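This briefing covers one protein chain, shown below with its sequence.

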Amino acid sequence: MKATAEAGVHIFGVRHLSPGGAKHLLEYLNELQPTAVLIEGPSDATDEIRHLTNRSTEPPVAILAFTEELPVRTALWPLAVYSPEYQGMKWARDHGADSAFIDLPSSVILSLQDAMRRERISVQEVKPEADEAVEPSTEEVKEQESVYSRIARLAGENDYDMYWERNYEHNLSAGAYRAAILSLSAEMRLLSEGREQLEQPKEHAYNALREAYMRRQILDKIAEGHAPDKIVVICGAYHASALADLSDALSDKELAGLPSRSTKLTLMPYSYYKLSTMSGYGAGNGAPHYFEMMWETMDAGRPEELAHLYLSTLAGYLRSSGTHRSTAEVIEAVRLAESLAALHSGSAPTLRDLRDAAQTLLGHGELSVIADALARVDVGTAIGQLADGVSQTPIQDDLNRLLKRYKLEKYKSTVASELPLDLRENRRVSSEEAAYLDLSRSILFHRLRLLGISFAKNRPSGQDAATWAEYWIIQWTPEVEIQVVESTLLGETIEVAAAYVLREKLQACRSIAEASALIRIACECGLTAQMEEASRVLQSLAVDSRDVVGIAAAARELATIIGFGNIRKVDTVPLTPLLEELFRRGCLFLLDASGCNDEAAGQMIVAMNELNGISLDYSETVDEPLWLQELLHLSEQDNRNPRLSGFACAILMERGAISAEEVASEVSRRLSPGIPADLGAGWFEGLSMRNRYGLLSRMSLWEQLNDYINALEDDEFKRALVFLRRAFSTFSPREKTMISELLGELWGVDTEQAAEILTGELKEDEAKMLDDLNDFDFGDF
């Protein structure tokens, strides 16, 4: 197929997020009355145009392509209400013209993306905006002044965006926009193509392939019977001059040789924040909401009112936040903005002019005063909307149905909202579904979290140990929509997909702590079958485990699940025998596991606390006598970690499982002069970790500790000091004062004076000595 520029096809180059471009395009279409409007975009998405132009669809929206096999790859084509492409397809709908996308199909685009990713070539994710010659490339050599910065500098503007707005968005001359874009495109390609071929050969080849494909699509449209002079092509400015010549179209052989991946397409709501450069989107613009206001004034035929609309809206936000600004200040701000524009020979203020005027008059010179209002007026919080049932994947449909069912649609916003949940039955409503509405919401949120869908984030509820209370922060973002689509391969509904993910995690599970955590996740997600499977996995792993720390953590997890099972309407009875088994194993291996070093003893203390808590909470279920028996064995051992032996003694004393005489005898034995310092002081450290007020009431204990310390040699005292300092470091100021008073009595000095001395700040040399002792290797003695 051959054709040349004389074919008469009309090429309209645009900046993809350009209100001025959209206005001039509509004027051009009204003048030409074409029979076909061809748009840069994935050709396999042409069927989506009818959904994009549905009267219930509210931009910003995006076309999303995703692969059908793992790993999921995606590509996005966002559209705002002021996108020329969007206005072009709407014009075609209203005037009965054909409209179609003509760029490479998404299957080829994602395949090429994958190839370039595998070759570790830095390629920006494919979006229409990335094709613009009028956008600064992220690949520019930073050491040199970019061509865009140079243009802005020569034009006397602060940056290229300011130059573009003043010279293109504000250019109301009929036909001038299109002519200027074509000229700019040709000059830009002339300046950049040589360097691009050398520095970015893959990117250059990719663009050349796309342009060859688009030429073929244009020629195919001519072959369908459309007169060339009745075809308008809307494309990124970078491609405009290249598409003016149709002589180098993609051949049949080249078309057949294109790589491809199996893909699907869907539409998704988008947000102005994601369209903005603030989100890191290199092809966006800095102020999507501002440009929407520009479009609205242009569409209404009153572009001169933009400055008034912008500054009055800004003042409205300030007033709503409690910062009053008068109408006179707004009028003066408009005048200042217009004066700033006149200084640059502009016909209207740019966004930079309006911001400067706002800071001067409405912020009284301070940017911080208007910063929040500026963000709202410039970027905005708008999120698009699709008509019900429009081009959704099954999992998107399911999620939307659930959001509606559980009255969560109002939370589908880019502004974060707080949602506390009470999982208990609400007896004030008539239906069962309403009675457990919050529980259903909780199950949905936990399933989404399991799927990696970040719509709801769990936060501490503020209710200590309240199994019925949850607190969630909810925020809808385009990333959430993408995450939902990426879950399509896992199942057609949220529940099926969550069950699939949990099964995969269970198959990969290798520890009892992980298995118990998965049981809890299954319970929170309301996945009964997976709870049973996770229980079997945990039971099989526990059979060979002697890890008391892991066993205790798993037992605590099971105890928690059993505790809130009734709240969540989950049958936890099958978990009780498993809890009993884990608890028994934790007791039986306690003594062996306590022969550990001081570092591992910290984890063992946590495990002992957990097992002791379970024995108290489930005394009728677990073997409590076995637990107390093993604690007694540990407390009597001299060849176990002394801190753990002391901690075991503290638990027994707290629970009244040993008599006062037995405690006194053990204290006397452990703190006798013949006991090495690290053993005696380490044992006391463990003893002091629980029931402190009980210890403070035993004067004999402190007498024995005092005698023990006095009997130590200097080297032994230094060794003991490390353990004693660590033991007392966790005492509260009140407890330390009580200890000081006890020691004052023992030493026969004024108790207040003793308290002042013992609780006072250390001198610098004393603090240094203690720090040195912490790091000292006592094995050298």
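The notes below go from the whole chain to selected details.

The model is predicted. The protein chain contains 37 helices and 10 strands. Of its 781 residues, 51% are buried. Among contacts with a separation of 6 or more in the protein chain, 76% join residues 24 or more positions apart.

**Open sheet**

- Three strands make up an open sheet, ordered β8-β10-β9, with antiparallel pairing.
- The edge strands are β8 (417–422) and β9 (456–459), each of which pairs on one side only.
- From one strand to the next, the twist averages 30°.
- Strands of a sheet pair through backbone hydrogen bonds, in either a parallel or an antiparallel manner.
- Four bridges connect β9 with strand β10 (residues 469–474) in the antiparallel sense.
- Within this part of the sheet, Ala456 is opposite Ile474 of β10.
- Helix α19 (residues 437–450) lies across β8, β9 and β10, and its direction makes an angle of about 120° with β8.

**Helix α15**

- Helix α15 (residues 351–362) has 12 residues, which at 1.5 Å a residue should span 16 Å; the end C-alpha atoms are 15 Å apart, in agreement with that expectation.
- Its buried residues are Leu351, Asp353, Leu354, Ala357, Ala358 and Leu362.
- Viewed down the axis of α15, these buried residues fall within an arc of 155°, so they line one face of the helix.
- An α-helix has 3.6 residues a turn, so residues three or four places apart point the same way.
- The packing partners of the buried residues of α15 are α6 (160–169), α12 (288–299), α13 (306–320), α14 (327–343) and α16 (367–378).
- Just after α15, His364 has a positive phi of about 55°.

**Salt bridges**

- The count of salt bridges is 28, taking a side-chain nitrogen of Lys or Arg within 4 Å of a carboxyl oxygen of Asp or Glu as the criterion.
- Side chains of opposite charge can pair when their charged atoms come close.
- Glu224 and Lys221 form a salt bridge through their side chains, with an N to O distance of 3.2 Å.
- In that pair Glu224 is exposed, at 55% relative accessible area, whereas Lys221 counts as buried, at 10%.
- Glu305 and Arg302 form a salt bridge in which the closest N and O atoms are 3.3 Å apart.
- Glu305 counts as partly exposed at 35% relative accessibility, and Arg302 also counts as partly exposed, at 39%.
- A salt bridge joins Glu524 to Arg520, with 3.3 Å between the closest N and O atoms.
- Glu524 and Arg520 are four residues apart in helix α22 (residues 512–524), and therefore about one helical turn separates them.
- Glu524 is buried, with a relative accessible area of 11%, while Arg520 counts as partly exposed at 27%.
- A network of salt bridges links Glu40, Asp103 and Arg210.

Conventions: Residues numbered from 1 in each chain as written. Predicted model: local features only at pLDDT ≥ 70, side-chain atom pairs only at ≥ 80, totals over all residues. Heavy atoms only, no water. Pairing = 2+ DSSP bridges. Helix = DSSP H or I, 4+ residues; strand = E, 2+ residues; numbered from the N terminus. Axes fitted to C-alpha atoms, helices over the stretch in contact; angles between N-to-C directions. Contact = heavy atoms within 4.5 Å. Buried < 20%, exposed > 50% of the residue type's maximum accessible area, 1.4 Å probe, protein only. Expected span 1.5 Å × (residues − 1). Arc of directions from axis to C-beta.
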